[in-house]
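These are my notebook entries on a handful of local features that I looked up one after another.

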Amino acid sequence: MLKPLIAGNWKMNGLKSSLTEAELLVEGLSQGNYSVDVLICPPATLIDRMVSVFDGNAISVGGQDCHANASGAHTGDVSAEMISDMGATFVIVGHSERRTDHGETNAVVRDKAEAALRAGITPIVCIGETLAQREAGETLSVLGDQIANSIPPGVAGDQYVVAYEPVWAIGTGLVPETSDINTAHNFLRSKLQEIGVENADKVRLLYGGSVKPSNAAEILGVAEVNGALVGGASLKAADFLGIIAGA
Ligand code: PGA
């Protein structure tokens with residue numbers, strides 16, 4: 001069994017004052033006995049300080065995106081090397097908000113995942129169908145295409161993480177039926193095997209989209225769900241701890 005990864009994605013939320021939530025998370029985790037990996041991906045502006053808050057505690061910090069290049073004339077972008085340099089050890093790539101807001105294709109996402117590995121940090125590659133694709137019965141074909149073309153090729157499965165996030169479930173309070181999550185995750189696992197990923201059984205497959213304390217245990221109880229990527233409910237330590245407790 002893979003150790004679950006419970007990852008928080010703060011998106012474009014959080015100022016210095018929000019670090020009190022990170023402190024509360026440290027405190028809360030120290031009071032329980034959890035056998036999960038915990039990660040927060042704050043905005044890039046807080047990575048450095050959050051690494052300091054988590055220093056000495058088993059909580060990782062990650063970026064939310066990176067450029068494919070290590071450095072250069074790319075105003076406003078942040079490279080995987082820079083994220084790593086601040087002490088972060090993960091980076092989300094290909095989140096649906098990046099795919100939508102910035103037109104990121106599978107090829108762009110794959111390049112970013114490769115950049116993360118080059119910099120020595122673990123990419124969390126996001127995939128997921130839109131509502132229109134779901135209603136057209138295209139969910140599995142979309143997921144198959146996205147996973148095959150977004151993961152870094154020729155890389156063993158324990159080097160990266162995949163997050164399945166139905167676009168229509170993100171920030172909406174809507175969650176697929178547990179049986180649908182089960183179907184999607186089983187499909188993704190077999191797809192990884194089919195395309196010949198080495199250690200395909202070691203890829204942690206996270207579910208993301210409206211995960212909250214009240215539904216975490218059920219979702220995390222699905223056989224091939226190896227963790228969660230949490231947006232809104234990761235902003236408050238109490239909520240995030242409630243999700244961790246469900247793992
Ligand atoms: P949500 O976001 O938990 O707020 O739905 C999930 C995500 O976008 O990673």
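Entry 1, a buried charge. In this predicted model, I looked up Glu 165 and found that it is buried yet has no salt bridge, the nearest side chain of opposite charge being that of Lys 11, 6.4 Å away. A salt bridge would need a side-chain nitrogen of Lys or Arg within 4 Å of a carboxyl oxygen. I placed Glu 165 in the loop between β6 (161-164) and α8 (178-194). Leaving out residues up to four places away in sequence, I listed what Glu 165 touches, and the list includes His 95, Cys 126, Glu 129, Ile 170 and Leu 229.

Cys 41 is in no disulfide, and the nearest cysteine sulfur, that of Cys 126, is 9.1 Å away. That distance is too far for a bond, because a disulfide requires the two sulfur atoms to be within 2.5 Å. I also checked accessibility: Cys 41 is buried, with a relative accessible area of 0%, and Cys 126 is buried as well, at 1%.

How many aromatic pairs does the structure hold? I found one, formed by Tyr 164 and Tyr 207, whose ring centres are 6.2 Å apart and whose planes stand at 70 degrees, so I recorded the pair as edge-to-face. Tyr 164 lies in strand β6 and Tyr 207 in strand β7 (residues 204-208), so the pair ties together parts that are 43 residues apart in sequence. Both tyrosines are buried.

In the largest core, which has 62 residues, I noted Leu 25, Phe 54 and Leu 192 as the residues that touch the most other members. For Leu 25, setting aside neighbours within four places in sequence, the contacts include Val 38, Ile 40, Phe 54, Phe 240 and Ile 244. A second, separate core of twelve residues has Ala 7, Leu 39, Phe 90 and Leu 206 among its members.

I noted Asn 199, a residue other than glycine, with a positive phi near 55 degrees; Asn 199 sits in the loop between α8 and β7 and is partly exposed, with a relative accessible area of 29%. Ser 210, also not a glycine, has a positive phi of about 60 degrees. I located Ser 210 in the loop between β7 and α9 (213-220), where it is buried, with a relative accessible area of 15%.

Conventions:
Residues are numbered from 1 along each chain as its sequence is written. This is a predicted model: local features need pLDDT of at least 70, side-chain atom pairs count only at pLDDT 80 or more; totals for chains, interfaces and linings use all residues. Side-chain values use heavy atoms; hydrogens and water are left out. Helices (H or I, at least four residues) and strands (E, at least two) are DSSP runs, numbered from the N terminus. Buried means under 20% relative accessible area, exposed over 50%, partly exposed in between (1.4 Å probe, protein chains only). Lys and Arg count as positive and Asp and Glu as negative; His and the chain ends are not counted. Contact means heavy atoms within 4.5 Å. Rings of Phe, Tyr and Trp (its six-membered ring) pair if their centres lie within 6.5 Å; planes under 30 degrees apart count as stacked, over 60 as edge-to-face and the rest as tilted. A nonpolar core is a set of buried Ala, Val, Leu, Ile, Met, Phe, Trp, Tyr and Cys residues joined through side-chain atoms within 4.5 Å.
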